[in-house]
Amino acid sequence: MPAIVVLGAQWGDEGKGKATDLLGSTLDYCVRYQGGNNAGHTIVINGEKFATHLLPSGILTPGCTPVIGNGVVIDARVLLSELDALAERGVQTQPLLVSANAHLITSYHTTIDKVTERFLGKNRIGTTGRGIGPTYADKINRMGVRVADIFDEKILAEKVEGALEQKNHLLVKVFNRRAISVDEVLEEIASYADRIKPMVVDTSLLLNKALDDGKTVLFEGAQATMLDVDHGTYPFVTSSNPTAGGVSPGSGIGPTRIDRVIGVIKAYTTRVGSGPFPTELLDDDGDRLRTIGAEYGVTTGRDRRCGWYDAVIARYANRINGLSEFFLTKLDVLGAWDRIPVCVAYEIDGVRHEEMPMTQSEFHHAKPVYEFFDGWNEDISGCRSFEELPKNAQTYVRALEEMSGAPFWGVGVGPGREETIVLR
Ligand code: GDP
Ligand code: IMO
Ligand code: MG
């Protein structure tokens, strides 16, 4: 009955798509449980590149049913265009299933996301502008529009009307923007409703039955631990719970059903958007990590901020998620350095911290304490076993494993599906 969770251990873009794809052949279901089309997951199969934003990465695996759980926020136009794009490329997929309880992102959510960011100026979060925060805010505020509402025109109209009564005050009086009409939003929803309706099922019932029947279900996290609204670098976070605890409310399966939790972690660190980042490199090394690692956002195309591996964050991710293992990615990118620093602790106001400090103000001025490892200065993308790795790369991997707190299940040595070393 395995239920497996794959999630990000840092600030996103760790290679979750690739890790999910690797487990692909064994999966019956692949489930998104939070986030929306703020995610960008890349999968490279036989040299061909695919990027998914809202669709679960498992959609590329023959025989695997993709599911969008109740915890996800859905921009249905994006959903349909992603499905159409895959069909155009001739990708055969199982029918997508969507929870009736998931919330819809509408044009007023994306508009409010963008104008809020502009309003914040230098204090902006650096969101993806996809309407994620405003949609989750409406959900918590009990004024959201859910997928189920597309089945009842009267309720739908009432909900949109109620929401716009407030939103238009905000748009017009605070942000000096034009008001959005109820009809405009209802027309937008009507434009896709008939295509979405056949996908809608009780996904909680479906997944629990699947687990009862011994099927393998993968819960694919988007974003990451440090972007979690509770456990991340608040307020510079996304508006959901990408951490393992989010699986249960986001999909309707109980926590006791989960068997494995895999934290995907890069051999260095990246971050997109604003917020603290202790090991960030603003020098040549940072630029080289970005260039060699191709660290540019899949969703917004922004440069990713780059820095060294941070073992304090790894230990924190292990603690918050109760990881059973890590999957280390992008080790190949470090092949161009003679000496590789790893952050083993922070110094904050003269005090050494082995664990994440309690407050964000402390984290904002945490200075990394580095330990240095010898580089290997060679291309390792052809290695397929741990023994084939250069000795210095082996030492680096074992040292990270030791300081991060959970066993390493595999190591990525390139973007391709086959460019992987499985350790256990
Ligand atoms: P996700 O959001 O966690 O799924 O990650 P992204 O797709 O946004 O970013 C990860 C990038 O790294 C993608 O371009 C992947 O193709 C690539 N990638 C994944 N694993 C490896 C690896 O082991 N080595 C290299 N060089 N690239 C990798
Ligand atoms: P994947 O799944 C990296 C970041 C944004 C911003 C913050 C809030 O590909 O790892 P939001 O639009 O969610 O309100 O933005 O979160 N962010 C990501 N950074 N990878 C992602 O997804 C991200 N999704 C959101 O840059 O700092
Ligand atoms: Mg990504």
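Let me begin with a definition: on a 1 Å grid over the protein atoms alone, a pocket is an open set of points with protein on both sides within 12 Å along at least five of seven lines, and its lining residues have an atom within 4 Å of a point. A molecule sits in a pocket if more than half of its atoms lie within 2 Å of its grid points. By that rule, ligand 1 sits in the second largest pocket.

This is a predicted model, in which local features need pLDDT of at least 70, side-chain atom pairs count only at pLDDT 80 or more, and totals for chains, interfaces and linings use all residues. Residues are numbered from 1 along each chain as its sequence is written, chains are lettered from A and ligands numbered from 1 in the order in which they are written, and side-chain values use heavy atoms, with hydrogens and water left out.

Which residues are the closest to ligand 1? Among the 19 residues that surround ligand 1 (a heavy atom within 4 Å), the closest are Lys16, Gly17, Gly40, Thr42 and Asp332.

Consider next the backbone. A backbone N or O atom of Lys16 lies 2.8 Å from an oxygen atom of ligand 1. For Glu14, the corresponding distance to a ligand oxygen is 3.1 Å.

Finally, the pocket itself. The second largest pocket is lined by 28 residues, and Thr42, Gly293, Arg304, Lys330 and Pro415 lie nearest its centre.

Definitions and conventions: A polar contact is a pair of N or O atoms within 3.5 Å; within protein, one must be able to donate a hydrogen and the other to accept it, and residues adjacent in sequence count only if both atoms are side-chain atoms. On a 1 Å grid over the protein atoms alone, a cavity is a set of points where a 1.4 Å probe fits but cannot get out, and a pocket is an open set with protein on both sides within 12 Å along at least five of seven lines; lining residues have an atom within 4 Å of a point.
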